[in-house]
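Subject: Structure handover

Hi,

Here is the structure you asked about. Please open it next to this message and follow along.

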Amino acid sequence: MNKRVILHFLRFSVLTASFFVLSASQVQAKTFFVSTQGDNRDGLSWATAWSELKNIQWNVIQPGDVIVLDGGRHHMTYSTPLTIFQKIATQAKPISIVRSNEPGHNGQVVIAGVNGTAISMYNSQYINID
């Protein structure tokens, strides 16, 4: 191989490697938080948690993501229903909604809902609620 071919190959390899690193970071699952104590900013921590179930920003939730519900020390009550519209995950990457197991946030989660409805899903697939 001459120097020009080797240089071209190395450039291609570096670009390919960069692409794969970028792609892997883009598909990494995120954890979001819901707590009546949150400031409703972005859901990325307890402090910035979405303050009610109706405030979950479904447009940012992707397959494989986890939504953690705060149960407080003993219990936490959410007054709005958990309503999921047109969110389609995959069998390999479901969206999970779980109660926190972190001390201080692992109490009972109560979803009061509206008119007897606590959880509704419309055109949604592979949503795990634990």
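Predicted model: local features only at pLDDT ≥ 70, side-chain atom pairs only at ≥ 80, totals over all residues.

Strand 1 pairs with strand 2, residues 66-69. The pairing is parallel and runs over 4 bridges. Both strands belong to an open sheet of 4 strands, in the order 1-2-5-8. The pairing in this sheet is parallel. Which strands stand at the edges? They are strand 1 (31-34) and strand 8. Each has a single partner strand, so one side of each has no neighbour in the sheet. From one strand to the next, the twist averages 20°.

Now go to S124. This residue sits in the loop that links strand 7 (119-122) to strand 8 (127-129). Is S124 buried or exposed? S124 has a relative accessible area of 16%. The cut-off for buried is under 20%, so S124 counts as buried.

Two backbone oxygens lie by its side chain. One belongs to I84, which the side chain of S124 reaches at 3.4 Å. The other belongs to Y122: this backbone oxygen is 3.2 Å from a polar atom of the S124 side chain.

What does S124 touch, leaving aside residues up to four places away in sequence? The contacts are I84, F85, Q86 and K87.

Best wishes

Definitions and conventions:
Residues numbered from 1 in each chain as written. Heavy atoms only, no water. Helix = DSSP H or I, 4+ residues; strand = E, 2+ residues; numbered from the N terminus. Buried < 20%, exposed > 50% of the residue type's maximum accessible area, 1.4 Å probe, protein only. Polar contact = N/O pair within 3.5 Å; in protein donor to acceptor, adjacent residues only side chain to side chain. Contact = heavy atoms within 4.5 Å. Pairing = 2+ DSSP bridges. Axes fitted to C-alpha atoms, helices over the stretch in contact; angles between N-to-C directions.
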